[in-house]
Amino acid sequence: MENAAPSSSSIAYATAVDWATHRETITRLYWDEANTLREVQRIMKEVHNFHATDRMFKSRFRQWGLIKNLKTSEKEQALQSASERGEVALPLIRGRLVGPDRLRRQLRRMGGESVDIPLRQKCTRTTAPMLVPAAAGARLTSIPRSVDILGELKLAEGCVHAVVNWTDSRAQAWGPYHDYAGSNSQTSWYQDMMASHNMMEYGRVQAGFRLLNISLRRFSADLLNERPLTLTGAYMCVLNFATVGSDLALSVLRHMVELSQVRLGPAHPYTRLWRGLVGLGIPEARRLARVVNETVFGFLLSHFGAHQTRFMYPHVSTIQELHAMGVISAAAAESAIRAVINTMKQNHPWKALDFACYARTMTAKIYTQDGQYDKASTILSEFEPHIHAHTHADCSSSAIDAWSVLSWYRAKSYVNQKLTATCSYEKTTEFFRARLDMCIRLTSPIDTWTTQAFSDLEEHYVAAGDRVGLARLREEYDLEARWDELCKRADKLAV
């Protein structure tokens with residue numbers, strides 16, 4: 001018979017290569033779009049000529065961590081929450097909200113048909129929001145074609161959509177008062193990771209690797225909190241390591257994939273994004289960085305309204321880093337930063353001065369990177385009176401935070417070093433020294449801010465051939481001993 005269906009023996013079932021090729025498509029259909037196994041099976045067969053049995057799909061779902069059902073312990077916890085509080089929040093399974101109907105069915109199997117489970121929230125699946133700046137409610141339909149690739153483009157687009165869908169789910173589950181930024185845990189591993197990068201750039205590779213090892217352990221622990229800024233911070237760290245070497249950046253990225261697979265599961269959006277970046281390579285990952293960061297920050301800033309403050313500082317820092325990597329121009333970066341400053345002024349006037357100081361300092365840093373030192377100096381002079389007032393006053397009573405002061409001092413020292421026509425060697429040296437003293441006063445002798453200030457002053461002496469000044473500095477401040485203390489302290493916090 002000509003129209004007879006092909007026998008099972010004549011069907012070419014998917015090979016290991018086929019599964020690897022279509023992994024992201026299958027994950028998107030089953031996990032992100034919440035299709036059933038049969039629906040995924042049908043779509044893959046009709047659209048991609050991909051043939052696999054139910055058993056084959058289930059086996060791959062287990063391998064990839066695409067498990068939609070609650071564990072027994074999670075069901076028991078939900079039942080207990082319902083009986084104690086009279087309601088239960090939709091739980092997350094490996095970064096995905098359980099649908100209300102599925103949750104009711106699973107809990108009733110445990111508690112009996114008479115059990116009524118009132119749900120606190122609905123599960124809504126949204127598409128990704130538009131890049132900043134965009135009107136509220138706008139949607140991201142595709143990744144900009146600046147990522148000029150074919151199969152990798154679809155992979156990147158699926159990963160970014162998965163991240164934003166997950167962020168949206170987290171926002172619904174956590175509410176506006178949750179610690180999304182993780183000010184202590186996230187900032188500490190991020191600063192230590194950046195400090196290790198700086199040490200490597202100064203040629204102290206072994207010392208840098210020592211702190212990198214420790215900061216990766218702290219990053220691993222912070223992964224369990226699944227904060228959005230953990231993703232963006234880690235992304236920026238990886239791209240910064242590329243300035244030391246692309247191989248190093250790729251190795252750090254691969255390690256993050258392994259950590260995320262263990263901590264969050266292979267199907268979690270973080271894992272999928274980082275695994276996708278490994279496939280893209282560092283140059284394409286650098287170009288995709290703007291899309292990922294602006295999409296995540298754009299969602300957070302538009303979603304939380306009056307509770308935006310916690311995201312604005314890292315958002316400005318990320319804009320500056322994207323410019324440093326050649327992703328956006330200085331003019332575009334300054335425009336984006338001004339927009340964030342205006343938002344802060346409108347919504348949080350009590351914080352406006354400190355934020356403006358920090359944000360404009362980042363703008364000055366951008367123009368310093370472009371070689372426009374006079375323009376950078378003019379921007380920094382806007383806040384010099386406030387900085388001096390902070391320097392001679394009790395820090396707790398100042399309208400500008402210590403972090404903003406230290407950032408300003410760092411940017412100013414670099415500008416002074418470049419403006420040799422108007423700033424003498426002696427004046428520049430004096431400023432570098434004042435910065436080091438300020439770091440010790442506002443932080444401690446073993447803080448990463450202090451070690452960075454020492455390294456910059458040391459490089460200043462070396463570049464000028466000032467052996468006397470260099471010897472005096474090394475006598476006063478033993479970097480190796482301080483670095484050892486810093487690493488030991490970080491190591492204790494990583495346990």
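**View 1. Trp19 and Phe50 are both buried.** Buried means under 20% relative accessible area, exposed means over 50%, and partly exposed lies in between (1.4 Å probe, protein chains only). This is a predicted model, where local features need pLDDT of at least 70, side-chain atom pairs count only at pLDDT 80 or more, and totals for chains, interfaces and linings use all residues. Residues are numbered from 1 along each chain as its sequence is written, and side-chain values use heavy atoms, leaving out hydrogens and water.

**View 2. The structure holds 17 aromatic pairs, found by a search of the whole of it.** In Trp19 and Phe50, the ring centres are 4.9 Å apart and the planes stand at 85°, so this pair is edge-to-face. The pair links distant parts of the chain, 31 residues apart: Trp19 is in helix α1 (residues 16-21), and Phe50 is in the loop between α3 and α4. Rings of Phe, Tyr and Trp (its six-membered ring) pair if their centres lie within 6.5 Å; planes under 30 degrees apart count as stacked, over 60 as edge-to-face and the rest as tilted. Helices (H or I, at least four residues) and strands (E, at least two) are DSSP runs, numbered from the N terminus. Ring pairs also join Trp19, Tyr30, Phe50, Phe57 and Phe61 into a cluster.

**View 3. Trp189 and Tyr190 form an edge-to-face aromatic pair.** Their centres are 6.3 Å apart, with 75° between the planes. Trp189 is buried, at 0% relative accessible area. Tyr190 has 16% relative accessibility, so Tyr190 counts as buried too.

**View 4. The largest nonpolar core has 109 residues.** Such a core is a set of buried Ala, Val, Leu, Ile, Met, Phe, Trp, Tyr and Cys residues joined through side-chain atoms within 4.5 Å. Among the residues with the most contacts inside this core are Met193, Phe219 and Trp274. Helix α13 (residues 282-304) gives the most to this core: eleven residues. Another core lies apart from it, with 17 residues, among them Val40, Phe57, Trp64 and Ala267.

**View 5. Asn49 and Glu226 each have a positive phi of about 55°.** Neither Asn49 nor Glu226 is a glycine. Most residues other than glycine have a negative phi. Asn49 lies in the loop between α3 (37-48) and α4 (54-64). Glu226 lies in the loop between α9 (205-223) and α10 (228-241). Which of these is buried, and which is exposed? Asn49 is exposed, with a relative accessible area of 60%, whereas Glu226 is buried, at 10%.
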